[in-house]
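Open the model in your viewer and keep the selection panel at hand. This tour gives you what to select, stop by stop.

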Amino acid sequence: MTNSLHDMGGMHGFGRVEPEPDEPPFHQRWEGRVLAMQRAIGFTGLWTIDAGRAALEALPPLDYLGSSYYRRWFLGLQNRLLQRGLVDADEIAAGHSLRAGAALPRTLTEADVAKTQTRGEFARPTNAPARFKEGDRVRARNLNPPTHTRLPRYARGKTGTVEAVRGCHVFPDTAALGAGDNPQWLYTVVFPARELWGPDADPAIKVSIEAFEPYLDPA
Amino acid sequence: MPDSNAHPHDHASGSELSEMEVRVRALETILTEKGYVDPAALDQIVEAFETRIGPRNGARIVARAWADPEFKRRLLADATEAVNSAGCFSRVGSHLIAVENTPQTHNLVVCTLCSCYPWEVLGLPPTWYKSAPYRSRAVIDPKGVLAEFGVTLPPETQIHIWDSTAETRFLVVPMRPAGTEGWSEERLALLITRDSMVGTGLAKAPHEAAAS
C-alpha cells in the first residue's frame with residue numbers, strides 16, 4: 001500500500017532516537033529464525049522482495065506500529081504464506097503440517113546459503129533512452145496508488161535536481177504485484193530541505209531520493 | 001513507543017517474547033515438514049550474521065580508501081566494482097555507492113520506507129536505524145538526530161541525507177581523523193565505527209581508539 005504508516009519521512013511525534021550500545025545482531029533467538037526463514041523463502045523465488053515489502057505495508061496500522069521489527073516481518077511472512085495457500089490456518093493453529101507441501105521452484109540448501117549473502121542484481125537491460133540526465137530539473141509526480149510504490153509522500157509534487165543516473169532497474173511498483181520487472185531508469189534526485197519542508201528549513205540541508213523515471217516529470 | 005518492544009528491557013507486555021518464540025517455532029516446524037525450508041540452512045544464515053557479516057567488513061574498505069587514494073577514487077566512482085576487484089574483501093552485490101564526507105558536506109543515510117541498509121558491508125541494521133524516530137526524523141530534523149548521537153557539525157557544513165528508496169545502497173566514507181598519518185590499514189580500521197559509515201557518527205580520534 002502506498003499511503004500507509006510505513007512511509008514515515010517527516011512525521012512528528014515518535015520521540016528520540018535511542019541507540020543501544022553494543023547491540024547484538026538479534027535480541028531473541030526467534031528474531032534470527034524469522035530473518036533466516038525470510039531469506040530462505042526469498043530464495044525460492046515465490047515472490048519478489050517488493051512483494052515482501054508490500055506485505056509489511058499491508059499490515060493493519062496498529063499491528064505495524066505496535067510490533068517490533070522482526071514481529072512485523074514474521075506477520076508479513078506468515079500472511080503471505082497463508083494468502084498463497086502454501087500454509088493453511090489450521091496448520092498454524094496446530095503448530096505442525098497437516099498436509100503435504102506444494103512443489104516450489106527451488107529451496108535453499110546449506111550448499112546455497114552463500115548465494116543469499118550477496119545482494120541480488122536489480123539492473124536490467126533496456127532499449128529505452130534515459131529521459132533525464134545529470135543536472136536536469138524534475139518534479140516528483142503526485143502519485144497515490146493504492147498499491148506498492150517507492151516514491152515517499154514527502155517528495156510528491158516537489159521540485160529537485162537529478163544528481164546521478166543509476167541505470168535501468170526492476171520497477172518495484174510493478175514487481176510488487178507479481179507483474180514482472182517492467183525495468184525503468186533510476187535517478188538520484190536531490191531536493192533542498194526548504195523545498196520539502198518550507199521556508200523555515202535549514203538552507204544547508206538537502207535530501208535525495210532514488211526515483212524511478214515514472215515518478216518524475218520535467219520541471 | 002513503536003519498536004520499543006524490540007528492546008529486551010522495554011517490551012510492552014512481557015509476554016510477547018515467549019508468545020513470539022512459540023509462534024516462530026510453529027511456523028518453522030510447518031515450513032520444515034512441508035519441505036519449504038531446511039533448518040540447517042537457517043542455522044547457517046543466523047550464524048553468518050552473528051559472526052561474519054558485520055561492520056568490520058565496511059571498516060576495512062574505508063581504511064583502504066583512507067590509505068590508498070587510487071582505491072578511494074575507484075570506490076567513489078563504483079563501490080561494487082572497487083570492492084570486488086580488490087580481491088581481499090567479501091564480495092558485494094550490485095549498486096553499492098560510497099559517499100564521502102568532507103569539511104564541506106556530511107552524508108547521512110536513512111530508509112524512510114523500510115530498513116534498506118548496506119548489510120553486506122555493515123551487517124544487520126541496528127534497531128534504531130529501523131525505528132520510527134529515526135525513519136521519520138532523519139529527513140526533516142537531521143541536526144536533531146545527529147545531536148542525539150552526540151554529533152555536532154560546524155554550522156556551515158552542508159548535510160546530504162540519502163533516502164534509500166531503491167536497491168542502491170549507500171556507504172558513508174567518514175573523514176580521516178588528524179594524527180593518523182602513516183598508520184596501517186589495520187590500525188585505521190579500529191577508528192571506523194558502524195555509525196560513522198551510516199553518517200550518525202564520526203570516525204574515532206586516535207586517543208579514543210586507544211581507550212577502547
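Select residues 69-77 and 79-86 of chain B: these are helices α4(B) and α5(B), packed at an angle of about 135° with their axes 5 Å apart. The model is predicted, so treat this as predicted geometry.

Now show side chains. On α4(B), pick B:Phe71, B:Arg74 and B:Leu75. On α5(B), pick B:Ala79, B:Glu81, B:Ala82 and B:Ala86. Colour this contact by class: five residues are nonpolar, two are charged and none is polar.

Next, bring up both chains. The contact between them draws on 72 residues of chain A and 74 residues of chain B. Stay on the chain A side. Select α1 (29-43), α4 (69-83), α5 (89-94), β2 (159-169) and β4 (205-212) of chain A; each supplies at least two residues to the side that touches chain B. Which element gives the most? It is α1(A), with 11 residues. Colour that side of chain A by class: 32 nonpolar, 21 polar and 19 charged residues.

Last stop: strands across the two chains. Zoom to A:Ile205. Which residue of β3(B) is its bridge partner? Select B:Ile159 to see it.

Terms used: Residues numbered from 1 in each chain as written. Chains lettered and ligands numbered in written order. Predicted model: local features only at pLDDT ≥ 70, side-chain atom pairs only at ≥ 80, totals over all residues. Contact = placed C-beta atoms within 7 Å. Helix = DSSP H or I, 4+ residues; strand = E, 2+ residues; numbered from the N terminus. Nonpolar A, V, L, I, M, F, W, Y, C, P; charged D, E, K, R; others polar. Pairing = 2+ DSSP bridges. Axes fitted to C-alpha atoms, helices over the stretch in contact; angles between N-to-C directions.
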